[in-house]
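Trainee: I am new to this structure, so please show me how to read its features with some care.

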Amino acid sequence: MNESATSMLHAVIAMGVLTFVMFLWMYVTRIPAMQKAGVAPQDAAHPKSYTLPSKVARVADNYNHLFEAPTLFYAISIAIVLLGNADPLHATCAWIFVWLRVAHSLVQATVNIVMLRFALFAAGFLAMGVMIVREALAAFA
């Protein structure tokens, strides 16, 4: 496996670490907030049926967002590596995506400025888009 492939797989692992960190942050904030609000565990069977403070809800929202666009990132990254097409540009795009997702998570979980979040999301998706288009051209050209 070449250095770029290894780097891309490290980026995939880094996204896993980010997701795990957000999982921990979510429960460290959510459980005390639910206790304070008097929400019984069974009442949480449907999260939309109760309301928690924004500073708690936005951490959970971000955790959920890490199972949306990043799932495509995992798939395309692993496909690029398995097909033997990992190169420095793919690896750079993978890490740009990861760092922008880290920034997106921090913004959403703290200040939650929507336009800043959107800019980070869009830039990350653009980096992943470069990976997708390059791999599609290599696969289907």
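Trainee: What is the handedness of the crossing of helix 3 and helix 4?

Mentor: A crossing is called left-handed if the near helix is turned anticlockwise from the far one by less than a right angle, and right-handed if it is turned clockwise; the crossing of helix 3 and helix 4 is left-handed. Please keep in mind that this is a predicted model, in which local features need pLDDT of at least 70 and side-chain atom pairs count only at pLDDT 80 or more, while totals for chains, interfaces and linings use all residues. Residues are numbered from 1 along each chain as its sequence is written, and side-chain values use heavy atoms, with hydrogens and water left out.

Trainee: At what angle do helix 3 and helix 4 pack?

Mentor: Axes are lines fitted to C-alpha atoms, for helices over the stretch in contact, and angles run from 0 to 180 degrees between N-to-C directions. Helix 3 and helix 4 pack at about 160°, with axes 11 Å apart, which makes helix 3 roughly antiparallel to helix 4 (under 35 degrees counts as roughly parallel, over 145 as roughly antiparallel, 65 to 115 as roughly perpendicular and the rest as oblique). In contact terms, meaning heavy atoms within 4.5 Å, Ala69, Pro70, Phe73 and Ile80 of helix 3 meet residues of helix 4 including Phe97 and Arg101.

Trainee: How many helices and strands does the protein have?

Mentor: Helices (H or I, at least four residues) and strands (E, at least two) are DSSP runs numbered from the N terminus, and here there are 5 helices and 0 strands. The C-alpha trace spans about 55 × 30 × 25 Å along its principal axes.

Trainee: Which way does helix 2 pass helix 4?

Mentor: The axes of helix 2 (residues 54-65) and helix 4 come within 8 Å and cross at roughly 155°, and the two helices are therefore roughly antiparallel to each other. Helix 2 passes helix 4 in a right-handed crossing, with a contact that involves, among them, Arg58 and His65 of helix 2 and Arg101 and Ala109 of helix 4.

Trainee: Which residue forms a salt bridge with Arg134?

Mentor: Side chains of opposite charge can pair when their charged atoms come close. A salt bridge is a side-chain nitrogen of Lys or Arg within 4 Å of a carboxyl oxygen of Asp or Glu, and the count comes to 1 salt bridge. Asp87 forms a salt bridge with Arg134, the closest N and O atoms being 2.6 Å apart. Asp87 lies in the loop between helix 3 and helix 4 (88-109) and Arg134 in helix 5, so the pair ties together parts that are 47 residues apart in sequence.

Trainee: Which residues make the nonpolar surface patch?

Mentor: Patches are made of residues with over 30% relative accessible area and no salt bridge, like charges being joined within 9 Å and nonpolar side chains (Val, Leu, Ile, Met, Phe, Trp, Tyr) within 5 Å; the areas come from the Shrake-Rupley method with a 1.4 Å probe, and for residues only the protein chains shown count as cover. Here Leu72, Val114, Met115, Phe118, Phe121 and Phe125 make a nonpolar surface patch of about 580 Å². Helix 5 (residues 114-140) gives the largest share, 5 residues.
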